[in-house]
Amino acid sequence: DEASEVAFGADGTVYVAGRAQSNLPGATSIGGWDAYVEAFKPDVSGKIQTLFTTTFGTTGADKPAGLVVDGTSIVTASNEDGHGVLRRYDVSGASPVLISTRDLGDLQGGEITGLALDGGQLVVAGSTGNPALNAGTVTRAHAGGSDAFAARISANLGGGGQIAYYGGAGDDRATALAVGAGGEVWIAGAAGTDLPGFADKIGVKDGFLTRLDVATGTVE
């Protein structure tokens with residue numbers, strides 16, 4: 001079993017996401033590697049109590065890739081049998097209630113690597129060989145091979161959104177995401193052969209850092 005994500009609620013609840021290959025206490029295995037979320041909170045004596053454990057995913061290989069708290073809800077991002085999937089749970093009661101799910105589509109060898117909440121929107125980053133992910137309007141086109149991407153979609157996982165791809169002719173991937181105080185999206189990752197504005201790579205595998213305006217597709 002593995003734990004890879006942690007997020008904190010305003011009421012002191014700690015949410016942990018990870019993956020497991022067997023039944024977890026209070027939850028049933030789906031098959032293969034299952035993603036899970038657990039919630040913990042201290043009682044009046046300070047002893048840590050497990051509030052709930054829930055598993056999600058497919059019978060294939062699933063792995064969580066992000067976890068954020070939005071008021072009385074949590075949103076998870078996961079890589080599930082090749083697809084990027086977002087889920088929103090209401091955690092105001094004794095047990096989590098799945099409110100909505102959004103499948104971003106087949107990542108074609110890529111993966112989600114970051115999730116953030118910004119101004120009522122979710123920002124998702126990762127890499128994909130798919131030029132038509134289910135993340136709304138394309139503001140910067142896929143360049144070929146595997147490209148990094150960043151997308152903005154509604155926190156309730158409704159329709160619409162915007163997505164910008166970033167990469168060159170080779171295989172490029174995003175490995176980290178950060179959102180600035182002004183809403184600017186930063187992605188870092190690894191470049192394949194070239195990048196926009198950089199004709200030649202430095203070595204065998206180059207790193208990159210870029211600021212990306214998802215709404216316009218502008219790259220800095």
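Me: Over the face of which residue does Arg-19 lie?
Reply: This is a predicted model, in which local features need pLDDT of at least 70, side-chain atom pairs count only at pLDDT 80 or more, and totals for chains, interfaces and linings use all residues. Residues are numbered from 1 along each chain as its sequence is written, and side-chain values use heavy atoms, with hydrogens and water left out. A charge sits over a ring if NZ of Lys or CZ of Arg is within 6 Å of the ring centre and within 35 degrees of the ring normal. Arg-19, at 3.9 Å from the ring centre, lies over the face of Trp-33.

Me: How many salt bridges does a search of the whole structure find?
Reply: The criterion is a side-chain nitrogen of Lys or Arg within 4 Å of a carboxyl oxygen of Asp or Glu. Side chains of opposite charge can pair when their charged atoms come close. Searching the whole structure gives a salt bridge count of 7.

Me: How many residues apart in sequence are the parts that Lys-41 and Asp-11 tie together?
Reply: The two side chains meet in a salt bridge at 3.6 Å, N to O. Lys-41 belongs to strand β3 (residues 34-42) and Asp-11 to the loop between β1 (2-8) and β2 (14-20), so the parts tied together have a sequence separation of 30 residues. Strands here are DSSP runs of E with at least two residues, numbered from the N terminus.

Me: Is Glu-80 buried or exposed?
Reply: Buried means under 20% relative accessible area, exposed over 50%, and partly exposed in between, with a 1.4 Å probe and protein chains only. Glu-80 forms a salt bridge with Arg-87, the closest N and O atoms being 2.3 Å apart. Arg-87 has a relative accessible area of 11% and is buried. At 5% relative accessibility, Glu-80 is likewise classed as buried.

Me: With the side chain of which residue does the side chain of Arg-152 make a polar contact?
Reply: A polar contact is a pair of N or O atoms within 3.5 Å; within protein, one must be able to donate a hydrogen and the other to accept it, and residues adjacent in sequence count only if both atoms are side-chain atoms. Arg-152 is buried, with a relative accessible area of 10%. At 3.1 Å, its side chain makes a polar contact with that of Gln-121.

Me: What is the phi of Asp-81 near?
Reply: Most residues other than glycine have a negative phi, and most peptide bonds are trans. Asp-81 is in the loop between β6 (73-80) and β7 (83-90), and is exposed at 53%. Its phi is positive, near 50°.

Me: How far apart are the ring centres of Tyr-15 and Phe-52?
Reply: Rings of Phe, Tyr and Trp (its six-membered ring) pair if their centres lie within 6.5 Å; planes under 30 degrees apart count as stacked, over 60 as edge-to-face and the rest as tilted. By this rule there are 3 aromatic pairs. The planes of Tyr-15 and Phe-52 are at 40°, so the pair is tilted, and the centre separation is 6.4 Å.

Terms used:
Helices (H or I, at least four residues) and strands (E, at least two) are DSSP runs, numbered from the N terminus.
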